[in-house]
Structures are given as C-alpha cells and as structure tokens.
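Work through the exercises below with the sequence and the model in view. Each task is followed by its solution.

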Amino acid sequence: MGKSWLYLVLAGCFEIGWPIGLKFAVADGPYRALGFAMAVASMLVSGGLLWTAQKVIPMGTAYAVWTGIGAAGTCLVGVIFFGEPVSLTRLAGVGLIVSGVIVLKLAH
C-alpha cells in the first residue's frame, strides 16, 4: 500500500475519533472537556491526513473511502463500546460500506 493510501486509512481512523469525542462532549460528566478536545484534535488530524492523501488519490475516491471508514468504524464502535442496537440490517449496511471502500481501492 502506498503512502497516500496509508495516510487515507489513518485519516479514516481519526474520522472515527471525532464522533466519539462528541459523544463524551455532549454528556454530563467529568469527560466533557476531554471529549470536546478529542473531537477537535481528531478533526484536525483527520482533515490533515485527508488533505495529504488527496495530493495523489483523486478527491472523489479519497472522500468516499474516508467517509466510508469513518461511518463503518463509528457504527462498530457504537455497537461494541456504547451498547447501540445491532441488527442484521445494520451489519449488512456496514458490510456494503466496507465493500464499497474495497471496490474503490481496487479501482484506483
């Protein structure tokens, strides 16, 4: 995997971090400020890595992969760590997102 694709995958992973941070930031409790800081830091790192990846990877492909990793990863984190509901339909949706990301990588 080229460096640009590595940057893009890392950007997608950091894309997962900001919804998690916002989850803590909107909750009352001791982690509110830390959650907000995590959300902002994740947004900045994710955006910077996406920007770097787009120097080589076409914008449409990069954006679709970035949001796909973020969406699928956030859904899975919600189910695993936050007890969000899981169903065959939700899992199928995540599977379709992951499949789409794989197809975009193969098409590049």
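The model is predicted, so local features need pLDDT of at least 70 and side-chain atom pairs count only at pLDDT 80 or more, while totals for chains, interfaces and linings use all residues. Residues are numbered from 1 along each chain as its sequence is written, and side-chain values use heavy atoms, without hydrogens or water.

**Exercise 1.** Compare the span of helix 1 with the expected one.

Solution. Helices are DSSP runs of H or I with at least four residues, numbered from the N terminus. Helix 1 has 23 residues. The expected span is 1.5 Å times one less than the number of residues, here 33 Å. From first to last C-alpha, helix 1 reaches 33 Å, close to that value.

**Exercise 2.** Describe how helix 1 and helix 3 cross.

Solution. Axes are lines fitted to C-alpha atoms over the stretch in contact (heavy atoms within 4.5 Å), with angles from 0 to 180 degrees between N-to-C directions. The two axes come within 8 Å and cross at roughly 45°.

**Exercise 3.** Which residues have the most contacts inside the largest nonpolar core?

Solution. Such a core joins buried (under 20% relative accessible area, 1.4 Å probe, protein chains only) Ala, Val, Leu, Ile, Met, Phe, Trp, Tyr and Cys residues through side-chain atoms within 4.5 Å. The largest has 15 residues, and Leu8, Leu50, Ile57 and Val65 have the most contacts inside it. Helix 1, helix 2 and helix 3 each give two or more residues to this core.

Key
Buried < 20%, exposed > 50% of the residue type's maximum accessible area, 1.4 Å probe, protein only.
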